[in-house]
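Morning, everyone. Please have a look at the sequence and the structure.

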Amino acid sequence: GWAGGYPEIVKENELFERYYRELGIVPDGEWDAFMAALREPLPATLRITGYKSHAREILHCLKEKYFKELQDLEVDGQKVEMPQSLSWYPEELAWHTNLSRKILRKSPQLEKFHQFLVSETECGNISRQEAVSMIPPLLLNVNPHHKILDMCAAPGSKTAQLIEMLHADMNVPFPKGFVIANDVDNKRCYLLVHQAKRLNSPCIMVVNHDASSIPNLQIDVDGKKEVLFYDRILCDVPCSGDGTMRKNIDVWKKWTTQNSLQLHGLQLRIATRGVEQLAEGGRMVYSTCSLNPIENEAVIASLLEKSQGALELADVSSELPGLKRMPGITKWKVMLKDGQWFEEWKDVPSNRQTQIRPTMFPVKEEEKLKAMNLERCLRILPHHQNTGGFFVAVLIKRSPMPWNKRQPKVHQKLPQRVGDTEVTATNADAGSEDTTEEPTLAENEESKKMQELQNSDTEQSKKGGVCGPPPSKKMKLFGFKEDPFVFLPEDDPLFLPIQKFYALDPSFPKMNLLTRTQEGKKRQLYMVSKELRNVLLNNSEKMKVINTGIKVWSRNSDGEQFGCAFRLAQEGIYTLYPFIHARIINVCIEDVKILLTQENPFLSKFSNETQKKVKDMAMGSIVLKYDPDPEKPGDLQCPIVLCGWQGKTSLRAFVPKNERLHYLRMMGVEVFKAKRKEEESEGKTEEEVQYRTAQTEERMDVEDKEHDLVTKMEAEIAEESFHSPVESSSMEVENKIEGLDQFSKNTNNHVSQESKDADTNNVKD
């Protein structure tokens with residue numbers, strides 16, 4: 001059971017051992033321990049989402065309940081070790097255990113713990129993420145005002161960390177910073193959307209571009225267009241992945257030096273494009289899950305050399321105390337897959353010079369090499385703290401790149417068209433940076449000229465707040481056709497009833513509301529931060545946006561008769577709540593339990609205080625707020641905000657299933673045992689149990705097109721088998737419940753017709 005299900009693969013690779021022994025990346029006397037660690041399965045690791053106000057409650061629940069139940073437990077004859085916190089991760093928010101994913105999923109003794117992990121992962125309260133993968137975002141030193149680019153973001157666990165850091169202060173609904181998460185693979189972008197959506201942030205945008213030529217974006221600064229430079233860039237490039245041998249066992253069989261030789265050029269191009277877009281004084285983290293210096297130090301050394309002092313490696317030795325690391329190396333050799341070694345570029349025969357490039361070799365001049373400080377890079381070896389292998393380098397930009405010295409702000413005189421092709425041709429041999437940067441600038445300037453000459457379509461669409469592909473559809477991109485992002489006009493009649501019904505604060509940023517449809521009824525309203533709105537409005541023609549914004553309101557057909565056609569959406573409630581001054585009901589913890597365990601509880605079941613508050617309130621969408629009582633330390637000690645619906649005789653919560661389970665667990669309600677008892681006492685079949693579970697789920701509104709796409713993409717990718725551990729855990733949690741149509745017929749009269757439609761929609765999914 002502990003072999004991870006791959007007994008047929010022999011964990012041996014002679015070329016791998018020969019290569020790394022020769023390079024000396026492992027300290028003397030540690031080789032056997034290094035190889036032994038690579039042959040062991042990777043421990044399961046999890047991270048508690050740091051920005052949620054109830055992170056401490058989850059940690060308390062884990063330590064006092066679930067971890068204690070693992071004590072003295074044996075699975076397949078092997079003792080389960082107690083989970084340990086990662087000493088270098090702040091505030092005990094990351095843990096690892098010797099349980100493999102297979103054991104977690106299959107063992108009856110661990111079913112309760114596994115159900116907890118899956119459910120909390122889906123809510124976004126826990127991320128099941130490899131330990132070494134948590135390092136790059138921590139070394140970025142993100143602050144809430146930082147503009148961040150994640151260049152190769154899928155599947156999205158590091159992106160999630162970055163979003164958490166933006167929301168370090170939960171009292172600020174709209175941090176000034178944002179994350180633009182990019183991936184070249186259209187399908188993986190949808191997995192990225194799914195990961196990011198769990199965190200309910202208005203400050204994330206997912207885009208689909210080749211990272212090595214990601215376009216320069218523009219933003220409006222005091223009425224002038226300027227090129228957007230990022231304060232922080234995460235450059236986690238595609239790599240050969242030989243640091244992942246413990247979980248990707250195929251690497252043992254397939255490993256060859258050829259993989260690194262083929263990827264080196266792409267990695268260097270992506271890193272170069274990253275530093276071009278970095279602001280002066282900004283920080284870029286370059287990382288790979290490879291141990292190979294061709295993909296690591298060689299890329300960094302080449303970047304430093306051509307930067308001519310514009311970049312420097314940051315000394316992060318004092319950061320993340322407790323993390324065991326090896327310094328970067330300064331000497332290495334290049335090996336072909338046939339075992340032939342080369343120490344210098346001049347030794348490479350001409351027939352091999354397409355495979356091996358000059359940038360793969362270390363710098364020979366001692367003085368120049370010393371100035372690079374390559375020892376400031378970090379290499380994580382698997383046997384040092386029972387992890388995967390990893391490499392990280394932290395770069396700081398001190399001045400513009402040499403080939404960018406004359407980089408203008410967008411409002412510069414336009415060069416002649418003839419010169420564009422000449423610039424590209426002349427600089428073609430000088431390196432990838434020239435061919436990526438110069439044409440991009442020309443494009444920026446050309447778009448400025450086009451704006452001045454044809455002030456029609458683009459300006460008109462901006463006035464209308466429409467951000468989508470250009471009308472002529474010049475860009476024929478692979479993947480799904482995305483709906484446009486349409487910002488609500490300032491005088492949109494749709495907003496007035498909403499503002500009145502919920503008594504929204506005058507400071508509410510209504511200009512940041514958008515929909516995904518230009519025509520017909522607007523079914524969903526989404527919200528982005530002011531800064532992302534700026535990016536969207538100024539770059540619609542050059543950027544393929546897959547997703548942005550969080551849902552804050554959904555159309556509800558029953559709502560119109562009560563004065564507002566839109567009900568609140570749970571995923572956006574923590575962003576909206578600070579601006580809402582009406583329709584708020586403060587509830588006690590017993591009321592919260594009733595709301596989360598019963599489908600349509602009658603008002604008579606609630607506390608007298610709640611009944612009084614509801615009595616004078618009109619029917620429709622409401623906010624249910626729980627504030628902890630410091631004098632009752634035994635009760636839940638973090639605030640909860642829920643969306644609800646007040647009917648004539650009842651009160652209900654509109655909360656997704658896993659979020660319900662999360663809050664109930666935090667309040668000490670044993671959801672797992674309750675489910676088991678129900679099965680045993682009533683003798684239900686598995687199908688009937690699923691049917692019963694369906695009754696505790698809320699019947700949400702019809703999901704918009706984008707959500708359908710995500711579901712569709714997850715299904716497709718599940719068939720293709722290239723998804724990551726985190727992705728598969730998200731997919732396990734999807735419930736395909738049968739017989740929900742029949743149940744819909746029996747619901748009470750005050751449940752909206754639209755909610756019933758949603759049930760039918762879920763069955764189809």
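This is a predicted model: local features need pLDDT of at least 70, side-chain atom pairs count only at pLDDT 80 or more; totals for chains, interfaces and linings use all residues.

**The cavities**

The largest cavity is lined by Val193, Ala196, Lys197, Asn200, Ser201, Ile204, Val206, Asn547, Thr548, Gly549 and Ile550.

Which element gives the most to the lining of the largest cavity? H8 does, with 3 residues. Now look at the classes. The lining of the largest cavity has 5 nonpolar, 5 polar and 1 charged residues. The volume of this cavity is about 90 Å³.

How do we find such spaces? Rolling a probe the size of a water molecule over the atoms shows where empty space is left. Searching the whole structure gives 6 cavities of 30 Å³ or more.

On to the second largest cavity. Its volume is about 40 Å³. Its lining is made by Leu149, Ile180, Val207, His209, Ile214, Pro215, Leu217, Tyr230 and Met543. By class, that lining has 8 nonpolar residues, 1 polar and no charged.

Last stop, Ala160. You'll find Ala160 in helix H7, residues 157-166. Is Ala160 buried or exposed? Ala160 counts as buried because its relative accessible area is 1%, and the cut-off for buried is under 20%.

What does Ala160 touch, leaving out residues up to four places away in sequence? Its contacts are Arg47 and Leu199. Val179 is 19 residues from Ala160 in sequence. In space, the two are 9.7 Å apart, C-alpha to C-alpha.

Terms used:
Residues are numbered from 1 along each chain as its sequence is written. Side-chain values use heavy atoms; hydrogens and water are left out. On a 1 Å grid over the protein atoms alone, a cavity is a set of points where a 1.4 Å probe fits but cannot get out, and a pocket is an open set with protein on both sides within 12 Å along at least five of seven lines; lining residues have an atom within 4 Å of a point. Grid points are joined across faces, edges and corners, and a volume is the space filled by probe spheres set on the points. Helices (H or I, at least four residues) and strands (E, at least two) are DSSP runs, numbered from the N terminus. Ala, Val, Leu, Ile, Met, Phe, Trp, Tyr, Cys and Pro count as nonpolar, Asp, Glu, Lys and Arg as charged, and the others, Gly among them, as polar. Buried means under 20% relative accessible area, exposed over 50%, partly exposed in between (1.4 Å probe, protein chains only). Contact means heavy atoms within 4.5 Å.
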